[in-house]
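I opened the model today and kept notes as I went. The entries follow the order in which I looked things up.

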Amino acid sequence: MPTNRLAVWRPRAAAVAVWYLRVAAALNFFGAVSAPFRGQVTRHNTGDFFTPYMLTAGFASGALALFLAMMMRRRKRVAWIFNTILAGLYTALVVLSMAVYPEVREHWFNWVSGTITLVFLVALLVGRREFHAKGDRSNPGLALGALLGGGAVGMLIGTLLVSTTNTVGGSTFSDRLEYALLRVYTLSPSGSDYRNIHTPHWVDIAINVMSALIFLLVLYALFRSPKGKEYLCPADEAQLRELLDRHGERDSLGYFALRRDKSVLFSPSGKAAVAYRVVGGVSLASGDPIGDIEAWPGAIDRWLAQAREHAWVPAVMGASEEGGNVYARHGLNALELGDEAIVEVDDFTLDGRAMRGVRQAHKKVGRAGYTVRVRRHADIPEAEMDTLLQRADHWRDGETERGFSMALGRLGDPDDGQCVMLECHDGEGELRALLSFVPWGREGLSLDLMRRDRDADNGLLEFMVLELIAQAEVVGVKRVSLNFAMFRAVFERGSKLGAGPVLRMWRSVLMFFSRWWQIESLYRANAKYRPIWEPRYLLFARSSDLPRIGLASARAEGFITAPSLPSLFKRRHRPGAALPSAQRQIG
């Protein structure tokens with residue numbers, strides 16, 4: 001077949017292989033719930049009959065076929081190898097049986113089964129180059145370990161269950177061990193052919209379920225994607241800082257690309273970069289690409305190519321409208337997440353009726369004797385910075401640090417000398433709260449971290465933000481990015497006259513969940529400053545990936561945590577997280 005024609009047929013052949021497994025999974029599940037169909041499949045899968053590849057009717061075979069279809073859809077190379085070997089061996093068995101045994105050759109159904117299986121095998125071979133996604137090199141060893149270790153545990157538990165529930169005497173330990181072994185490693189159905197072993201039905205079910213879990217664990221270990229733990233190295237960080245020096249004013253989230261638990265891919269020219277982190281098989285980028293906008297496509301292409309190579313799901317959190325348009329031109333879909341609150345210092349004023357509440361709250365805290373000091377991190381002596389780190393850690397709300405897309409993940413690092421610290425002291429000179437901002441170009445700041453003493457007066461953080469705006473000339477700031485208000489447009493438009501029933505219902509749902517998460521309160525806290533609202537978007541390739549992306553985002557932001565996390569707020573290269581914008585509430 002000519003090369004150009006083969007290139008056309010490869011994706012089609014790959015699609016045929018995926019759809020074959022999907023159909024097989026559907027038929028297997030149908031056979032599991034339909035006794036007549038299951039009986040037909042069982043009859044044609046025993047004796048002189050052969051069914052098509054992977055068609056055996058049952059939940060276990062249906063789950064296996066569906067899992068393989070998912071892995072093939074993600075173009076995983078190991079899934080192609082797995083199916084090619086099994087389908088090749090099965091095809092060889094059918095052909096050999098038909099050649100040797102006339103009674104097998106006489107059944108027309110075997111010819112149909114052999115032809116269907118052969119078509120599937122040919123589709124695999126033609127579409128071979130489409131399955132290019134790499135797995136982790138440790139997967140085979142991990143899968144073998146899961147098989148042996150899980151099987152050993154399953155055999156011990158199974159043997160113990162059989163020994164304690166067997167109602168017939170005369171069985172040896174070897175018999176009971178063999179009984180458990182067959183069910184753990186062969187997924188043998190319930191029921192027993194052993195004369196000296198008779199167990200309750202629930203024991204067979206328990207061993208079957210345990211063996212199915214072991215089987216799923218082995219499959220996960222064999223097909224899992226690489227973890228992608230090539231974190232930011234000093235050379236990459238230095239190159240990113242150069243790009244931020246030249247183009248940092250474009251995106252208020254640009255400085256957060258310097259988190260050291262992120263990885264980075266540069267464009268071929270080196271003039272742009274995409275910062276990302278791999279979480280649960282999702283390559284999660286945040287904000288816009290860094291650098292020259294003309295070089296963004298080169299960096300995005302490399303990032304997407306890497307995701308395809310490793311079967312990672314590409315997603316972008318918090319892209320601006322400009323960045324979202326560029327990502328969309330590369331095939332990603334956009335979903336508006338919310339809006340970022342930005343205050344222009346020259347345009348901000350406390351005058352007017354609309355600002356009355358903010359103005360009064362500011363004066364109240366000021367009359368209580370609170371003062372705010374604004375300094376660059378580089379201007380803070382090391383001993384004072386150590387004290388600030390200790391207080392920030394002490395005031396942290398809970399043990400888990402949260403943040404990814406809008407948090408730097410460290411405080412007091414000497415390389416972050418241009419960050420700005422706000423320290424609030426009470427009338428007696430006691431430190432009561434602190435804020436930290438990262439640079440946004442040369443004349444802007446973006447909120448990174450907020451900490452306050454829970455025993456201090458209310459409105460303290462709000463007072464500090466207003467003092468920053470008032471003292472902006474001290475650090476040469478003209479604009480400040482405060483918080484991110486998720487679904488801001490829903491709250492604003494849903495409360496207006498003429499809002500439709502769908503919008504009102506969506507607003508009611510968000511109000512309900514705001515009892516547990518700071519959704520509506522963050523919008524109110526931001527709106528009081530009458531800021532400029534800049535929309536932020538989630539970019540994704542397929543809608544079916546949204547649940548997986550949501551889970552990965554929750555893990556990255558710290559809402560779903562690992563059992564143990566390293567201590568944060570260390571002075572040197574320790575990847576971590578700070579409070580995300582979704583947790584920063586002023587007031």
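Entry 1, the chain overall. Among contacts in the chain between residues at least 6 apart in sequence, what percentage join residues at least 24 apart? I find 76%. I note for the record that this is a predicted model. I looked up the secondary structure and got 20 helices and 12 strands. I then checked burial: 49% of the 587 residues of the chain count as buried.

I took up the pair formed by α13 (residues 356-367) and α15 (residues 460-470), whose axes come within 9 Å and cross at roughly 100°. That angle makes α13 roughly perpendicular to α15, since 65 to 115 degrees is the range for that label. On the α13 side, I listed V358, A361, H362, V365 and G366 as making the contact. On the α15 side, I listed L460, E462, F463, L466 and E467. Sorted by class, this contact has 6 nonpolar, 2 polar and 2 charged residues.

I stayed with α15 and asked how many of its 11 residues are buried. The count is 10, so α15 is largely enclosed by the rest of the structure. The buried residues run through L460, L461, E462, F463, M464, V465, L466, E467, L468 and I469. I note that E462 and E467 are in that buried list and also take part in the contact with α13.

I next looked at how α7 (residues 139-165) and α9 (residues 201-223) are placed: their axes come within 8 Å and cross at roughly 170°. The two helices are therefore roughly antiparallel to each other, as angles over 145 degrees are counted that way. For the residues of the α7 contact with α9, I recorded 19 nonpolar, 6 polar and no charged.

The largest cavity has a volume of about 60 Å³. Which residues line it? I wrote down L244, H247, G248, R250, D251, G254, D288, P289, I290, G291 and W296. Two elements, α10 (234-247) and β4 (290-291), each supply at least two residues of this lining. By class I have 4 nonpolar, 4 polar and 3 charged residues in the lining.

I located R259 in the loop between α10 and β1 (263-266). Is R259 buried or exposed? R259 is buried, because its relative accessible area is 0%, and the cut-off for buried is under 20%. I also looked at L408, which is 149 residues from R259 along the chain; the C-alpha atoms of the two are separated by 5.3 Å.

I looked for residues other than glycine with a positive phi and noted R75, with phi near 60°. R75 lies in the loop between α3 (59-73) and α4 (77-100). I noted A311 as well, with phi near 60° and likewise not a glycine. A311 is found in the loop between α11 (296-310) and β5 (313-319). I checked the accessibility of A311 and got a relative accessible area of 6%, so A311 counts as buried.

Conventions
Residues numbered from 1 in each chain as written. Predicted model: local features only at pLDDT ≥ 70, side-chain atom pairs only at ≥ 80, totals over all residues. Heavy atoms only, no water. 1 Å grid on protein atoms, 1.4 Å probe; cavity = no way out; pocket = protein on both sides within 12 Å on 5 of 7 lines; lining within 4 Å. Points joined across faces, edges and corners; volume = space filled by probe spheres on them. Helix = DSSP H or I, 4+ residues; strand = E, 2+ residues; numbered from the N terminus. Nonpolar A, V, L, I, M, F, W, Y, C, P; charged D, E, K, R; others polar. Axes fitted to C-alpha atoms, helices over the stretch in contact; angles between N-to-C directions. Parallel < 35°, antiparallel > 145°, perpendicular 65-115°, else oblique. Contact = heavy atoms within 4.5 Å. Buried < 20%, exposed > 50% of the residue type's maximum accessible area, 1.4 Å probe, protein only.
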